[in-house]
Each structure stands twice: as structure tokens, then as C-alpha cells.
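Keep the structure open and find each residue as it comes up.

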Amino acid sequence: MFLRVARHTDNLEAIENFYVNILGFEILANFHNHNNYDGIFIGKTGLDWHFEFTRSEEKANHTFDQNDVIVLYPKTILDYDILVDRLLYHNISIVTANNPFWNENGKMFLDPDGYRIVLSPLKAIIEEIN
């Protein structure tokens, strides 16, 4: 099974910068003026999932709450520390998560559309599952 998380945005360039240049994902593909949509597929080569972000003349209407999060688990503590430092270097502030688990087991940031992204060391998911 493959997974695609698709989301509409008004600022494709800022989204691309955040996910590619700051978080380190890759542009897997892009398209222009496909049925009046522009878009990018962002992920990592060889994985069975990716993000799709689209833009059109229709404005994005995001509705989400404080518990709607995307959680990313860097493979090592060093990778985790590098990503947190990179986000802070780009003046992307840590925000307090509504769920205290994420404050205890990671750091939460907002992407350019205001969606919550949690970085959590991989050990947190291993401990949670066990």
C-alpha cells in the first residue's frame, strides 16, 4: 500500500522551502497547470509515502485543531538535533503542543500554512509501541 497526504496551499514556494530546504525532503515530481492546478510531490526517494501540495485560483480553506499533527521521526538523535537546530536557525519557533506527550517526546513547529509538525526522536515511538 502507498500513502499520499494531499493538501491545498496558497503559498507553494514557502511550503517547498519549509519541507525541502529546511526539513530535508526531496521534490519527487511537480506539475504546472494540470486542470488549473500547480503542485509538488515531496518525500524521500524509495519510500512508500509522500506529501502532495497543490495551488490553484481557489484559496485554501484550512480547518484543523491543536491535536491535528504530522509527526516525523528522525532516525537518530543527531538527525533530530540537526533538524531542530535548522528550524530554529530559520526563525521557526517551537510551539507548545496541546497533547503533553509531544512536549515530553519532541518539539512542535508550525509549517507555513499553520499545520503542526512534531519532530520526535525515533526512540519515542519505539517506547510508545512497547
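This is a predicted model: local features need pLDDT of at least 70, side-chain atom pairs count only at pLDDT 80 or more; totals for chains, interfaces and linings use all residues.

Start with β2 and β3, which pair in the antiparallel sense over six bridges. To get your bearings, find A29, which stands opposite F41 in β3. The hairpin of β2 and β3 has two residues between the strands, and here N35 takes a positive phi near 55 degrees.

N36 also has a positive phi, even though N36 is a residue other than glycine. You'll find N36 in the loop between β2 (26-34) and β3 (37-43). Another one to look up is N91, in the loop between α2 (77-89) and α3 (100-104). Here is how N36 and N91 look side by side:

| Residue | Phi | Relative accessibility |
|---|---|---|
| N36 | near 75 degrees | 59% |
| N91 | about 60 degrees | 69% |

Are they buried or exposed? N36 counts as exposed because its relative accessibility of 59% is over the 50% cut-off. N91 is exposed too, with 69%.

Now for the inside. The largest nonpolar core has 21 residues, and those touching the most other members are F18, Y19, L23, I42, F53, L87 and L119. At least two residues each come from α1 (12-22), β3, β4 (49-55), α2 and β7 (116-119). The top contributor is α1, with six residues. In soluble globular proteins, nonpolar side chains tend to be buried together.

Finally, zoom in on F53. Leaving aside neighbours within four places in sequence, F53 is in contact with several residues, including R7, L12, Y19, D38 and I42.

Methods. Residues are numbered from 1 along each chain as its sequence is written. Side-chain values use heavy atoms; hydrogens and water are left out. Helices (H or I, at least four residues) and strands (E, at least two) are DSSP runs, numbered from the N terminus. Buried means under 20% relative accessible area, exposed over 50%, partly exposed in between (1.4 Å probe, protein chains only). Two strands pair if DSSP finds at least two bridges between them. A nonpolar core is a set of buried Ala, Val, Leu, Ile, Met, Phe, Trp, Tyr and Cys residues joined through side-chain atoms within 4.5 Å. Contact means heavy atoms within 4.5 Å.
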